[in-house]
Amino acid sequence: MKVIIVSAHPDDAETASGGFIAKAADAGHEVVILHGGPAVKGLEYEGRSSWDVRTEESAVAAKILGARLEFLDWGHSVFEFNNRTLGQLDEFITRERPDLVIGHYPIDTHRDHQVIAVLTHQLFMVQRQWQLAFFEVYTGIQTLEFTPNRYVDISKFIDRKNDSILAHVSQGPQPQVAMHLKMSRFRGIEFGVEHAEAFHMMGRSANGPADVLFDGPRRYR
Ligand SMILES: [Zn+2]
């Protein structure tokens, strides 16, 4: 199985689905993390280009999780939904031929996240070759009104997930770790395990081959 994680910014893929990525990679699946872009264009971090620093940090994180890393060239906070960006993502996904694409949920306070959600959904409707799921980041602050219909037990992968978030040193990543630990514990309670990540699989794409990567919601007696 081949999975593309379409992440607006470095650390979105890791916070939302780091456990899923590590688990899928360990099971022999090919996982590609595609970040929309490394940083705000022109920004510096400790005398170096943030673009370069965050590219390097992302490479460390992807290696920890066992994923391949790719980037588009979009500067943060000015992502656009237009024919050019749709074409860039179309070209990437067409070339990679994934079984599953996971991206941002459309209801989100961050504009870049919303653009990724709309782009992936548009391509999902047009290409019809792969399944589409959405993940959640900073729920309640960024992702809003998220209703999961798929879960993944990541209890054994929580340390690698945390390490991948901590690789983003320039971001002061401790709060991101703390927040997403709360989320994975909460989703774990819902699902009946210690730590879980939750996803929303688009209904029209359910019951495809990539379903083996997920569990449905917990069944109560
Ligand atoms: Zn983000």
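This is a predicted model: local features need pLDDT of at least 70, side-chain atom pairs count only at pLDDT 80 or more; totals for chains, interfaces and linings use all residues.
Two strands count as paired if DSSP finds at least two bridges between them.

Seven strands form an open sheet in the order β5-β2-β1-β6-β7-β9-β8, and the pairing is mixed. At the edges stand β5 and β8 (150–153), each with a single partner strand, so one side of each has no neighbour in the sheet. On average, and ignoring direction, neighbouring strands are turned by 25° against each other.

| Strand pair | Sense | Bridges |
|---|---|---|
| β1 and β2 | parallel | 6 bridges |
| β1 (residues 2–7) and β6 | parallel | 3 bridges |
| β6 and β7 (residues 131–135) | parallel | 5 bridges |

Ile5 has Ile33 in β2 as its bridge partner, while Val3 is partnered by Leu100 in β6.

How many residues of strand β6 (residues 100–104) are buried? The count is 5 of its 5 residues, so to speak a mostly covered strand. From β6 the chain can be followed through helix α4 (residues 111–127) to β7, and these three elements make a right-handed β-α-β unit.

**Helices on the sheet**

Helix α1 lies across β1, β2, β6, β7, β8 and β9 (196–201), and runs at about 170° to β1. Helix α6 (residues 174–191) also packs on the sheet, where it touches β8 and β9; the direction of α6 makes about 75° with that of β9.

**A closer look at α2**

Helix α2 (residues 50–65) has 16 residues, which at 1.5 Å a residue should span 22 Å; the C-alpha atoms at its ends are 22 Å apart, in agreement. Which residues of α2 are buried? They are Trp51, Val53, Arg54, Glu57, Ser58, Ala61, Ala62, Ile64 and Leu65. These residues lie on the same side of α2, because they cover an arc of only 165° around the axis.

After α2 comes Gly66, with a positive phi near 85°.

Methods:
Residues are numbered from 1 along each chain as its sequence is written. A residue is buried if 20 or more other C-beta atoms lie within 10 Å of its own, exposed if 12 or fewer, and partly exposed in between; C-beta atoms are placed from the backbone. Helices (H or I, at least four residues) and strands (E, at least two) are DSSP runs, numbered from the N terminus. A crossover is right-handed if, with the strands pointing away from the viewer, the path from the first strand over the helix to the second runs clockwise. The expected span of a helix is 1.5 Å times one less than its number of residues. The arc is that of the directions from the helix axis to the C-beta atoms. Axes are lines fitted to C-alpha atoms, for helices over the stretch in contact, and angles run from 0 to 180 degrees between N-to-C directions. Two residues are in contact if their C-beta atoms, placed from the backbone, lie within 7 Å.
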